Amino acid sequence: MYCVKCGVKLQPGVESCPLCHTPVWNPEGKTEEKRYPASLPERTREADLSGAVAFTILSAVAILVTLTVCFKLYGALAWGGYVILGIALFYVLAVLPRWFRHPRGEVFVPVDHAAAAAYVLYICLKTGGHWFLSFAFPVIACSALLSTAMVCLLKYVRGGRLFIFGGFLMLCGGFTVLVEFFEHLSFHTAMFRWSLYSFTGFFGAGLFLLIVGMIPSLRSSMEKRFFF
Amino acid sequence: MAKNWYRLDTAGLIFPAIARRDWSNAFRVSATLDEPIDPDTLQRAADDLRPRFPSFYVTLRKGAFWYYLEHSSARVLVRQDYAYPLSFMSSAELKQNCLRILYYQNRIAVECFHSLSDGRGGSVFLCTLAARYLELRHGLTIPPGGMVADLSQPPPPEELEDSFLKNAAPVAASRREEKSYRLHGTPEHGFKTLTTGLVPTQALLDEAHRRRISVTALLAAVMARSILQLQAAETPLRRQRPVKITIPVDLRRLYGSRTMRNFSLVLNLGVDPRYGDYSLDELGRIIYHQLQAAATPQNMAGMIAANVQPQQLTVLRLTPVGVKNFVMNQVYRASGESGGCLNISNLGNVELPEPMRRHVRRLEFIIGPQRSYPNNCSVLSYGGTTAINMIRSIRESELERLFFSHLVELGIPVEIECNRR
């Protein structure tokens, strides 16, 4: 059997040419002799836990040193709480996912935000502030919502990346206005001092991506020039 | 106490450093026999080869300053092949063995981490394994010589030497090279598609001799033409890049070495499409003459020195292996593979002893995709047939289509096999 398009000889029984995918007429109904079995190797990636182990040991040592210094010098936790919770926050953000073979973004992004919220709450309580519920919590909650939605869309929706990124950028613009609004409520600052600038930048970039996504010729031209 | 470890050879040093979490540099050689493989006999044959090929039965270990190879206590267990060749070799696997022996139907395959040996060394190992298998299975007596090693003798020291160190010039050649066009496509994340083109060796030789060039130069010219077409279809002329084919040169012939470790260097040969169009004749002549001019003992000695000299610097030798890995990674990323579009690694024509020839239907050689480009090509001729193996880690088969179609246009019959389902 030969491929009518490429002119190469094909194995008996193949359904299409492996080179140009032209369907092959198989009048004798022969079946293809498979040169390789169907079994796939187990997908292996390096576990590479060395970094996680090293960071865990370093974090534990840093916490111990902080505790020792604080209790030796002041007989109390003093500023050690900031340091210890800071290390814990860094650990949750950067080290915790390394323990997992396939860290799931839709789980870790909300967890990271929760850890950040806890740290900020500690600072608020420690400094006697009254800004957590009116400013920090809503800002972190909005950020968590936005980034989790982005991660889920990227993971579960096939294609449409330009629309997802475009929409995300536009929402980021809206988010900056929201941040300034919460700032205004909590600290009684004037509205629209800075957020309109960032909103314009984010919104413009997002809109550009949406337009590129909607016009196939523009999209392919951009792909050609910017592939990497 | 006998020494049970080896330094990595000069070429092998780079491969552990540049391995990624889902990519490692390995190659495969396989022999297809005239009957289904018996795994128990193959296992016995594999065990029998251990004393003769100690540098193949090793594990990869990390020292304070360098990686090294240590004799493996773990048996290399033969196992069935997978749906695609050269699946990822993880560091956990390399800590057990750097070698795989696989079988499927009539085929014995050996997959080897590149720090152990190159294609020539690997094919000697495979041919000796197949010879031992046939001896055990059919009671044949296969005389050693050529591609079959003598199992009754211990390995001579010159088979285990790092021949790079002996043949480096006092002054290093420059590594500077213009970046070439980069092949690309939709990645397939793990699966490697292998397209094998079976071509009558005589037809290839006739075509090459008619043009007064070598078979390697002919194949490289056809490949360069295919890549030039691919690039022209997607990039305006002014933004095009040189199209260069990376051709490994077996240095054993140049320096009379008998080493079974790595002893080859690559040359990037090709043309710059911005200077004008090239016919296939012109491409063939250019690549052939570039190859002839570059693959001389003097020039290669300078290139060897460029690899050997850095590893002899005291400061570098005393640098911890982790830092070396980082530096080598960055250097490799910047210049390691940027000079060529893809490899064409031609092992040439392999002759087997007469008693084996009756049982061995086909020999093949396959190199995996490189770290930064998705296609590669490897060639081996045996028994009047040349197997051209094109492997890719992307979905698109356009390069294979263009390459094999051009061979057909030259009047060379091509039979295609593919592992894709």
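Two strands are said to pair if DSSP finds at least two bridges between them. Helices (H or I, at least four residues) and strands (E, at least two) are DSSP runs, numbered from the N terminus. This is a predicted model, in which local features need pLDDT of at least 70 and side-chain atom pairs count only at pLDDT 80 or more, while totals for chains, interfaces and linings use all residues. Residues are numbered from 1 along each chain as its sequence is written, and chains are lettered from A and ligands numbered from 1 in the order in which they are written.

**View 1. An open sheet of 8 strands includes β1 of chain A.** The order is β1(A)-β15(B)-β8(B)-β14(B)-β13(B)-β11(B)-β9(B)-β10(B), with mixed pairing. Because β1 of chain A and β10 (264–271) of chain B each have a single partner strand, they stand at the edges, and one side of each is left without a neighbour in the sheet. Helix α7 (residues 201–210) of chain B packs on the sheet and touches β8 (193–200), β11, β13 and β14 (385–392) of chain B. The direction of this helix makes about 75° with that of β8(B); axes are lines fitted to C-alpha atoms, for helices over the stretch in contact, and angles run from 0 to 180 degrees between N-to-C directions.

**View 2. Chain A meets chain B, with a strand pair between the two chains.** Contact is formed by 23 residues of chain A and 30 residues of chain B, two residues being in contact if their C-beta atoms, placed from the backbone, lie within 7 Å. The side of chain A that touches chain B has 12 nonpolar, 4 polar and 7 charged residues. Here Ala, Val, Leu, Ile, Met, Phe, Trp, Tyr, Cys and Pro count as nonpolar, Asp, Glu, Lys and Arg as charged, and the others, Gly among them, as polar. Strand β1 (residues 9–10) of chain A pairs in the parallel sense with strand β15 (residues 415–418) of chain B over 2 bridges, and L10(A) stands opposite I416(B).

**View 3. Two domains of chain B are in contact.** The bounds, from an automatic or database domain assignment, are 5–166 for domain 1 and 170–418 for domain 2 of chain B. Their C-alpha centres lie 22 Å apart. The contact takes 57 residues from domain 1 of chain B and 48 residues from domain 2 of chain B. On the domain 1 side, the largest share, 9 residues, comes from α4(B). That side divides into 31 nonpolar, 15 polar and 11 charged residues.

**View 4. The largest nonpolar core has 130 residues.** Such a core is a set of buried Ala, Val, Leu, Ile, Met, Phe, Trp, Tyr and Cys residues joined through C-beta atoms within 7 Å. Among the residues with the most contacts inside this core are L129(B), A130(B) and I245(B). Helix α8 (residues 215–234) of chain B gives the largest share, 11 residues. Leaving aside neighbours within four places in sequence, A130(B) is in contact with A31(B), I108(B), M356(B) and V360(B).

How values were computed:
Buried ≥ 20, exposed ≤ 12 C-beta atoms within 10 Å, placed from the backbone.
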